[in-house]
Amino acid sequence: MYLFLGFICKWIAWVCGGFRGDGEQHPNQAHSSLYTDHGDCPRTPEDAESDDVHNLGSPAVHLHRVLQQTKYDIFINHRGPDTKLTFVTHLQEGLKEKQYTPFVDKSLGEGKQVFEEIEAAIRDTRVHLAIFSPGYAESKYCLDELVSMLECRRKSPNGAVTLVPVFYDVKPQALRRPDLPGSPFWHAFQQKKLRYSDQRISAWKKALHDAADIKGFEFKIGEDTNELKKKIINRVQELIAPRSGQSRKQSVPSPNVGGEVLLKETLRRLEEMGDNVGILGICGMGGIGKTTLAQEVYNHYSTGGKFLYQTFLKIGDIKDTSHLRKQALRDLLNKKEKNLDERYVNHFEGLAGVKVLVVLDDISNVEHFKELVPNMKKLGVGSRIILTSRERDTMRAIMSEAPSRFGSYLHEMKPLEATDSFNLFWFHAFHDRELSKAEDEMFRPLALMVVNNLCGGLPLALKVIGQHLYGKPQEVWREATMSLKDRPDIINVLSISYKGLKEQNKMMFLDVSCQMVGLLEEDAIDIWKSCGSCKSRYCMTSKMVHDSLQILKDKSLVEVDKDRRMTMHDLLREMGKKMDEVDKIGSLKKEGHWCHLWDPLLVKYYLTDDEGSKEVRGLSLVGAKQTDFAGLEFKMMSEIHLMQLDGARIEGDFSLLSKKIRWLQWRSSFLRELPPRLHMQAVPSLLRVLLLQNCTALEELPETIKLLTMLRILNVHGCKRLKLLPGCLGDLQGLQELNLNECENLERLPEGMVKLSNLKALSLDGCSKIATLFSTEDGELGANLIKFSALCASSLTKLSGPSIHLHLEKASPAG
């Protein structure tokens, strides 16, 4: 019975996030011993469970063998209470600045299997740092990890794994006889002798003794920790190149049929430019493989050491290049800069004489080029600039401004030849499945018809149609080829996958293609899920959001980029807009009427014509030349879910706007305050995302904002006149992200914010008048934060409450 109760207690501790060592908190898991104790002494339930998990023949080890290689470069073994805040956190940041990814306790994601994560990190990292502090031996986890690290070192071929000891206020001699009186580890070992077997104690002592004989770094309290940090980082750089640099290699579609010959020819052209600074332009229609070729070139050079630095910047249809300039600074100069308006040009001067590779993917604007490459003349000899674009005029304009010493070449992408086209299509239609003779005779003629008559050698079309027909019977193949027999344009070719969707999935695809490209995946999911309670017969959102989104991904209709934002190929996006016009979804939409209005001219037409207005689901006034509208004009559009009003001026009765809005984006608004009749009281269970960036006239938020009980994201970035936040802000219990960046006149945060129990992200960059984050009798601000930023918050001098320190991955207030 006692054994059973003990096990239950340990299980509860594991669920709640147990403790590491004697008082040392361990993330997510109470049992992480990497060493199996086969001694004779009675084992506690903790020891028994630990044995089951970490025995070398256990299922956990077999699971490890099929895990993907760990994402970490360095494993840092340390006792948190001794060194985490005083040294390890700073060392971790220093390693990250050098593009390394270290493993420390907080590297563990929430809910991950900690056993497998730790084991994978130790087994798959080439550098192990063991930081021996006076309290090191109090943690059995530290000792077990050390045993495992030394085992990996002994078994590694040709010394591939290196252990770097750091003797942090202890002498190496103390490790050789840790159980002798006078050793800083003596007391800890006396305690452990009462709990653990002789075999386990011996293994720990041997590991410490062996570590003492390895050359490392010695440090005494009072010495400069920055100097120690530099020495360790220099040693790491001698041992391995940063894996994070490798992880930035571009992912090339597989198989890249015909790509080898094309890459070889392109590289030859680049090499012929010699010591000139060379510009290679790759142009052609969407989906023809421009980006793939640029990725191949980038990957070829990124591992060859030909260029000192390289960067791959994906532009697309963005209007603001600030995040790309930040990426360029990180990649080319290893710099992090917040305000880039003028400083970027100055920083770029630092590339004078440096040989670099710069790829600008999908550029359509000469101004974007000038913003990202402000002075081509500064680049070192032999540097290369690679551009991809559908716009030949843009490419030629950029090349014409290059100095005479520049070499340049414009490559026009051609469709795939017949054999390569067939091979690419065949791969996506059948993958590695072997066909019987009868199946081959049945499908090969149909495949040839699709490839030769319909796709025109366009890789994207071959991929999309092939994936659509994968696993489908002969009848579906025949219907597909019959529907395309007149060789329609590529928009209709790509619509095959779309037309095979259920009605609800079609609507989600149209949401993305018409308005949601660039939106965070989690925000899109939240918006769609809010339709679960929607009783309108016009709402066609899927009730199984995750399943429907996965279907769109599986059909290559929608993708999520590395920043977790919704994206899709330009051709697919254009196809979606076309389908929004011509496709009748269910019985709700007449052909020729739009569900989403993204063209300002269309918006004007619908505002003056009641026919079809009630079916409008999404409305965007972004980029409209006319910015003045009357609230009465929106009266008939009662079903709008997605509304983007950037820069628009709406006068009159705001209560006439749709009461079904889930996503309201009103950046650069003229409003001094949110209209009291904006019907916040009508949408408490609907509105999830409220974006009000750069509303420079906005001075306050209304008390009625408390009615938005399901609001998850509130963004008022750049609202420079905003002086007050309503005291009722704490009533928004669903709020997870609050962005107050550049609200430079905001003087304080309302005390009610301590009630925001779900708040996970708080940004205060540039809030120069806020002096403190407080705690009250009702609670602490920041108890559940996992992301916090306060750069240039020059008056912020106090982060009250222990939670601000314990729960934040990175808190960086200025001052």
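Biologist: Buried means under 20% relative accessible area, exposed over 50%, and partly exposed in between. With that settled, which residues of helix α17 are buried?

Modeller: This is a predicted model. In helix α17, which covers residues 392-400, the buried residues are Thr394, Met395, Ile398 and Met399. Viewed down the helix axis, the buried residues of α17 fall within an arc of 130 degrees, so they line one face of the helix.

Biologist: And which residues are exposed on the other side of α17?

Modeller: Asp393 and Ser400 are exposed there.

Biologist: Let us step back. How many helices and strands are there in the protein chain?

Modeller: The protein chain has 28 helices and 29 strands. Of its 815 residues, 51% count as buried. Among contacts in the chain with a separation of 6 or more, 67% are between residues 24 or more positions apart.

Biologist: Which residues touch the most other members of the largest nonpolar core?

Modeller: Leu714, Leu740 and Leu764 do, in a core of 58 residues. Helix α27 (residues 600-607) supplies the largest share of this core, with 4 residues. Another core lies apart from it; this one has 41 residues, among them Met273, Ile386, Ala429 and Val451. As a general point, nonpolar side chains tend to be buried together in soluble globular proteins.

Biologist: Back to leucine 714. What does it touch, leaving out residues up to four places away in sequence?

Modeller: Leucine 714 touches Leu690, Leu701, Ile705, Leu729, Leu735, Glu737, Leu738 and Asn739. One of these, leucine 738 in β23, also stands opposite leucine 714. The two strands concerned, β22 (residues 713-715) and β23 (residues 737-739), pair in the parallel sense over 3 bridges.

Biologist: In what order do the 9 strands of the open sheet run?

Modeller: The order is β15-β16-β18-β20-β21-β22-β23-β24-β28, and the pairing is parallel. At the edges are β15 (596-597) and β28 (787-789), each of which pairs on one side only.

Biologist: Where does aspartate 765 lie?

Modeller: Aspartate 765 is in the loop between β24 (761-763) and β25 (772-773). Its relative accessibility is 3%, so aspartate 765 counts as buried. A polar atom of its side chain lies 3.3 Å from the backbone nitrogen of alanine 790.

Biologist: New topic: strand β5. How many of its residues are buried?

Modeller: In β5 (residues 127-132), 6 of the 6 residues are buried, so the strand is largely enclosed by the rest of the structure. Val127, Leu129 and Ile131 point one way, while His128, Ala130 and Phe132 point the other way. In general, the side chains of a regular strand alternate between the two faces of the sheet.

Biologist: What does β5 pair with?

Modeller: Strand β3 (residues 74-77) pairs with β5 in the parallel sense over 4 bridges, and asparagine 77 has alanine 130 as its bridge partner in β5. Strand β6 (residues 162-168) also pairs with β5 in the parallel sense, over 6 bridges. There, isoleucine 131 stands opposite valine 166 in β6.

Biologist: Is helix α6 mostly covered or mostly open?

Modeller: It is mostly covered, with 12 of its 16 residues buried. Among them are Tyr141, Leu143, Leu146, Val147 and Met149. Glutamate 151 is also in helix α6, but its relative accessible area is 22%, so it is partly exposed. Its C-alpha atom lies 9.4 Å from that of arginine 123, a residue 28 places away in sequence.

Biologist: What should α6 span, and how far apart are its ends?

Modeller: At 1.5 Å a residue, the 16 residues of α6 (residues 140-155) should span 22 Å; the end C-alpha atoms are 23 Å apart, which agrees.

Biologist: Last one: what is the phi of aspartate 169 and of aspartate 362?

Modeller: Aspartate 169 has a positive phi of about 65 degrees, and aspartate 362 has a positive phi of about 60 degrees. Most residues other than glycine have a negative phi. Aspartate 169 sits in the loop between β6 and α7 (172-176), and aspartate 362 in the loop between β10 (356-361) and α16. Aspartate 169 is partly exposed at 36% relative accessible area, whereas aspartate 362 is buried at 17%.

How values were computed
Residues numbered from 1 in each chain as written. Predicted model: local features only at pLDDT ≥ 70, side-chain atom pairs only at ≥ 80, totals over all residues. Heavy atoms only, no water. Core = buried A, V, L, I, M, F, W, Y, C linked by side-chain atoms within 4.5 Å. Buried < 20%, exposed > 50% of the residue type's maximum accessible area, 1.4 Å probe, protein only. Contact = heavy atoms within 4.5 Å. Expected span 1.5 Å × (residues − 1). Pairing = 2+ DSSP bridges. Arc of directions from axis to C-beta. Polar contact = N/O pair within 3.5 Å; in protein donor to acceptor, adjacent residues only side chain to side chain.
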